[in-house]
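User: I am new to this structure and would like a close look at a single part. Please keep it brisk.

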Amino acid sequence: MIYKVHMSNGQPLAIEASKVQTDPNTGVHLLDEEDNIVAFFYPGQVSAVFPESAVLEAEVISDDK
């Protein structure tokens, strides 16, 4: 799966990994199927991590009148 990583400085990255682990003390780890580290970021370096297929924005339609 491709994960979108948004760095705190605004730089976007796309990284292929099987899962993500986040911890406020150790940072963000992207891991492969065997739990090997694919990418590592120190605490505070990443502002958001989400699957590439995630919907970031959606139009809200309300039936309220």
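How many salt bridges does a search of the whole structure find? Please take me through the residues involved and their surroundings.

Analyst: This is a predicted model. A search of the whole structure turns up one salt bridge. Its partners are Lys19 and Asp35, whose side chains meet at 2.9 Å, N to O. Lys19 belongs to strand 3, while Asp35 sits in the loop between strand 4 and strand 5, so the pair ties together parts that are 16 residues apart in sequence.

Take Lys19 by itself. Its relative accessibility is 34%, so Lys19 counts as partly exposed.

Now Asp35. Phi of Asp35 is near 65°, a positive value in a residue other than glycine.

Next, look at Ala17. This residue lies in the loop between strand 2 (12-16) and strand 3 (19-23). Strand 3 is also the strand that holds Lys19. Ala17 has a relative accessibility of 5%. The cut-off for buried is under 20%, so Ala17 counts as buried.

What does Ala17 touch, leaving out residues up to four places away in sequence? The contacts are Met1, Tyr3, Leu30 and Leu31.

Ala17 and Phe50 are 33 residues apart in sequence, and 11 Å separates them in space, C-alpha to C-alpha.

How values were computed
Residues numbered from 1 in each chain as written. Predicted model: local features only at pLDDT ≥ 70, side-chain atom pairs only at ≥ 80, totals over all residues. Heavy atoms only, no water. Helix = DSSP H or I, 4+ residues; strand = E, 2+ residues; numbered from the N terminus. Buried < 20%, exposed > 50% of the residue type's maximum accessible area, 1.4 Å probe, protein only. Contact = heavy atoms within 4.5 Å. Salt bridge = Lys/Arg side-chain N within 4 Å of Asp/Glu carboxyl O.
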